[in-house]
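Biologist: Hi, could you walk me through this model?
Modeller: Happy to, let's have it on screen.

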Amino acid sequence: MRSKTSKAQPADQPGRPRRPWRSLLALLVGKAVRHVSRLSHHGGSALPGKVVERIDPGFLARTLSGLPRGVVLVSGTNGKTTTTRMVASMLESLGLKVFTNPTGSNFTRGVVSALVSTLGLSGRLHADIAVLELDEAYAVHFVRQVKPRYALLLNVMRDQLDRFGEIDTTARLLGQVAQATTGTVVLNREDPRIASLAAQTPARTGVAYFGLSDDLLSYFPTDDDMHASDQDADGAGAASTSRPVRPGHRLPAEVTLERVMDHRAAFRLDGRLLETDLRLEGVYNLYNAAAALALVRVVLEDREPDDAALMDALSKVTPAFGRGEVITYRGAPVELVLVKNPMGFRLALSSFNPAGQDTMIAIRDEYADGRDMSWLWDVDFTSLRDTGVAMVSGTRAYDMALRLAYDQVPTEAIETDLDRALTAFLEVHPGRPKRIYCTYTSMLRLRSALGRITSVDDAGVGA
């Protein structure tokens, strides 16, 4: 049930704008830059987009105009890349042709780069719908050029605050996305700052929610829950285990996550309880799945896919680039787990049993990671005490090792150079499963290094 109703929307643009001559030039140059970057292993997935935007500032809006089902924008602090992949994969399984930005390069120029790699020289995007992940700040730049028909807003956490400022500033950025959406905004009812954005949507824009059962509220803390818990732990402590109180919890939800199991989850849709197996790793991705289900149902409300088709589509989704992605090296799995803020790291540690695995933690503080790594002190690492950590690496390796020492977690080796660290880590206990918790730029570097010694799916990203 929705607090506002919405029907299938007409095309967001009345027609395809005439293509200027510089559009073809921009596309040709962008393709050339992408080719050179990949050959040389220099530059990232956003470089071609940066060049194209400089030559043809209207490229993005013009290329995305006229899609029959418009544009879906996915944003929030945690879970953007995986949820975007879920939505895109499910819509494709259910019969739509989808354009998406699959690598997690979530600036506007990253979207342009993905377009450059997809388009032929005609410049026409052959898709029914675009499903795009956008960084919270760059989502605002995007909606000034392209009005999304649908928006899925996940959560607001204290992530990379040296980039965005206070948490309420991040919520205000997402509020501008809600204001620009023409069809339906799908909101996390359990995050008070996200749920409150319903008041900012235009009168004709629909609002839908996804949420949690009562029993699961404590498994998925909001930013306020986490900080209240930390304060309780420093003081009386008794209240830190109580059920969170969330003002929006009784809002009607399109989809709720009801139960979590090992690679399986139960969801409630319009009163019906449905279960499915999932190929995704981590309990946090089960909540992302509820968000994706809610969005897919809104997009396809004119077709009303049956329950079995929805669950089958969800069960086929595989991990996103670098987010629980498993790469095989000499017959053993090497799993990359992206961590970038306290809640994400806490949930990742609680999702995976370290027994029988070698663990590596790689922490860097480049711009894309956030410069302030003090948030590591808000993560409880005691689950790693029994197994220890085989390798700590990255520019902030010694900070990470110190943090582990305070939680009495033994560290076997520290190596700031990621390439040397990875080589040494892979040679520890050959054939044994390995897991690497890594910040964003660490993940890119490690994935690229693995790609030089074993088979890694091409994501179009330079080293």
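Modeller: A term we need for the sheet: two strands pair if DSSP finds at least two bridges between them. Helices (H or I, at least four residues) and strands (E, at least two) are DSSP runs, numbered from the N terminus.
Biologist: Good. What kind of model is it, and how are residues numbered?
Modeller: This is a predicted model, where local features need pLDDT of at least 70, side-chain atom pairs count only at pLDDT 80 or more, and totals for chains, interfaces and linings use all residues. Residues are numbered from 1 along each chain as its sequence is written, and side-chain values use heavy atoms, with hydrogens and water left out.
Biologist: How many helices and strands are in the chain?
Modeller: The chain has 16 helices and 15 strands.
Biologist: And what is the strand order in the open sheet?
Modeller: The open sheet has 9 strands in the order β2-β3-β1-β4-β5-β6-β7-β8-β9, and the pairing is mixed. β2 (98-100) and β9 stand at the edges with a single partner strand each, so one side of each has no neighbour in the sheet. From one strand to the next, the twist averages 20°.
Biologist: How do β8 and β9 pair?
Modeller: They are antiparallel, over 6 bridges, and leucine 269 stands opposite arginine 272 in β9.
Biologist: Which strands does α4 touch?
Modeller: α4 packs on the sheet against β1 (71-75), β2, β3 (129-133) and β4 (150-153), and its direction makes about 165° with that of β3. Contact here means heavy atoms within 4.5 Å. Axes are lines fitted to C-alpha atoms, for helices over the stretch in contact, and angles run from 0 to 180 degrees between N-to-C directions.
Biologist: Where does α8 lie?
Modeller: Helix α8 (residues 167-180) lies across β1, β4 and β5 (184-188), at about 155° to β4.
Biologist: Changing topic: which residues of α12 are buried?
Modeller: In α12 (residues 307-315), the buried ones are Leu310, Met311, Ala313, Leu314 and Ser315. Buried means under 20% relative accessible area, exposed over 50%, partly exposed in between (1.4 Å probe, protein chains only).
Biologist: And what do those buried residues pack against?
Modeller: Their packing partners are α4 (80-93), β8 (264-269), β9 (272-277) and α11 (284-299).
Biologist: What caps the N-terminal end of α12?
Modeller: Aspartate 306 does, with a side-chain oxygen 3.2 Å from the backbone nitrogen of alanine 308.
Biologist: How many residues of α5 are buried?
Modeller: In α5 (residues 108-118), 8 of the 11 residues are buried, including Val111, Val112 and Leu115.
Biologist: Now glutamate 254: where is its place?
Modeller: Glutamate 254 is in the loop between α10 (223-234) and β7 (255-261).
Biologist: Why does glutamate 254 count as buried?
Modeller: Because its relative accessibility is 5%. Its side chain makes a polar contact with that of arginine 297, at 3.3 Å. A polar contact is a pair of N or O atoms within 3.5 Å; within protein, one must be able to donate a hydrogen and the other to accept it, and residues adjacent in sequence count only if both atoms are side-chain atoms.
Biologist: Last one: which strands does β11 pair with?
Modeller: β11 (residues 332-338) has 6 of its 7 residues buried. β11 pairs with β10 (residues 325-329) in the antiparallel sense over 5 bridges, and runs parallel to β15 (residues 434-438), joined by 5 bridges.
Biologist: What is opposite glutamate 335?
Modeller: Valine 326 stands opposite glutamate 335, while in β15 its bridge partner is arginine 435.
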